[in-house]
Amino acid sequence: MADIDGSNAPKEFYTDIPQKSENFYLKGSNSLDWGMKNRLSRIFNPVSGKTVMLAVDHGYFLGPTAGLERIDVNIVPLIPYADTLMITRGALRTMVPADTQKAIVLRVTGGASILTELSNEDLAVDIEDAIRLNVCAMAVQVYVGSEHEHQTILSMTRMVDMGLRYGMPTLAVTAVGKDMVRDAKYFRLATRICAELGAQYVKTYYISEGFETVTSSCPVPIVIAGGKKLPEIDALTMAYRAIQEGAAGVDMGRNIFQSTAPIAMLKAVRAVVHDNETPEKAFEMYTTLKSEKK
Ligand code: 5RP
């Protein structure tokens, strides 16, 4: 087969330009395989190194949570403003258009409901289905210190093994039992266990004292959950502090979809996460966008 027909021009091999060998920008991710890094780069913006994940997977144990009664109506319009959507396969297949260009993080554990012991979870999705759905990571709940600690930690390691086989990152979600203390000591323990056992990134809660010791002792990126609905300024302040204290992003649900202006809130959170905007400025942005909508 001809190379370039009729061309006698000499080929250019750029012998004076050494091939680049660059480090991957995400903490602790340099030794991962290409496919895994590529998926992570669809979650974490390569310019800011951060992510704004929109978490809408609550229904897997809570049913139709306020704001998620109709994912097709309430959530689909928000997708363009998030970096990533964290969702179950049932909601994804039935309510999210397949032409979405956003990275999907798939909830792959389940098995308990709000009516029973929440830590009694196991893997509830096969990695083959995650691959079939073309997702960028799999989210696994890990209950350190709870009744089913052992089972949930081993679910995570099983997913990590399968993920390494196919180039699919595992997000370990540290879930805190109802009666457990949420402090830096607990979150250092829980996040470090997840990272040591192979999770490519970890989701945890922000705490006002010692959060920087949680991020610094965890060798992979940490994203924070939003938790229950707060006044917008408080949620923006929490996101701001988390980022300034070493978080690589947020995985926020109720503080976005339960806001009276979810798109305005998502834009304000983006400003805090990607542009280091202060909570006051971001809140100003939120109120302006909210009033423009009216
Ligand atoms: C459940 C989850 C949820 O996705 C997450 O907690 C929801 O986010 P938010 O707390 O911001 O509503 O991981 O454990």
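This is a predicted model: local features need pLDDT of at least 70, side-chain atom pairs count only at pLDDT 80 or more; totals for chains, interfaces and linings use all residues.
Residues are numbered from 1 along each chain as its sequence is written, and side-chain values use heavy atoms, leaving out hydrogens and water. Local features need pLDDT of at least 70 and side-chain atom pairs count only at pLDDT 80 or more, while totals for chains, interfaces and linings use all residues.

Let's start with the barrel. Eight strands close into it in the order 1-2-3-6-7-8-9-10, with parallel pairing. Helices (H or I, at least four residues) and strands (E, at least two) are DSSP runs, numbered from the N terminus, and two strands count as paired if DSSP finds at least two bridges between them. Strands of a sheet pair through backbone hydrogen bonds, either parallel or antiparallel.

Strand 1 (residues 51-55) pairs with strand 10 in the parallel sense over four bridges, and Met53 sits opposite Asp251. Strand 9 (residues 222-225) also pairs with strand 10 in the parallel sense, over two bridges. Asp251 turns up here too, as the bridge partner of Ala225. To get from strand 9 to strand 10, the chain goes through helix 9 (residues 232-244), and this β-α-β crossover is right-handed; that is, with the strands pointing away from the viewer, the path from the first strand over the helix to the second runs clockwise.

Helix 9 has a helix partner as well: helix 9 and helix 12 (residues 279-293) pack at about 140°, with their axes 9 Å apart. Axes are lines fitted to C-alpha atoms, for helices over the stretch in contact, and angles run from 0 to 180 degrees between N-to-C directions. The two helices are therefore oblique to each other, a label for whatever is left once angles under 35 degrees (roughly parallel), over 145 (roughly antiparallel) and 65 to 115 (roughly perpendicular) are taken out. Contact (heavy atoms within 4.5 Å) is made by residues including Leu236 and Tyr240 of helix 9 and Phe283 and Tyr286 of helix 12.
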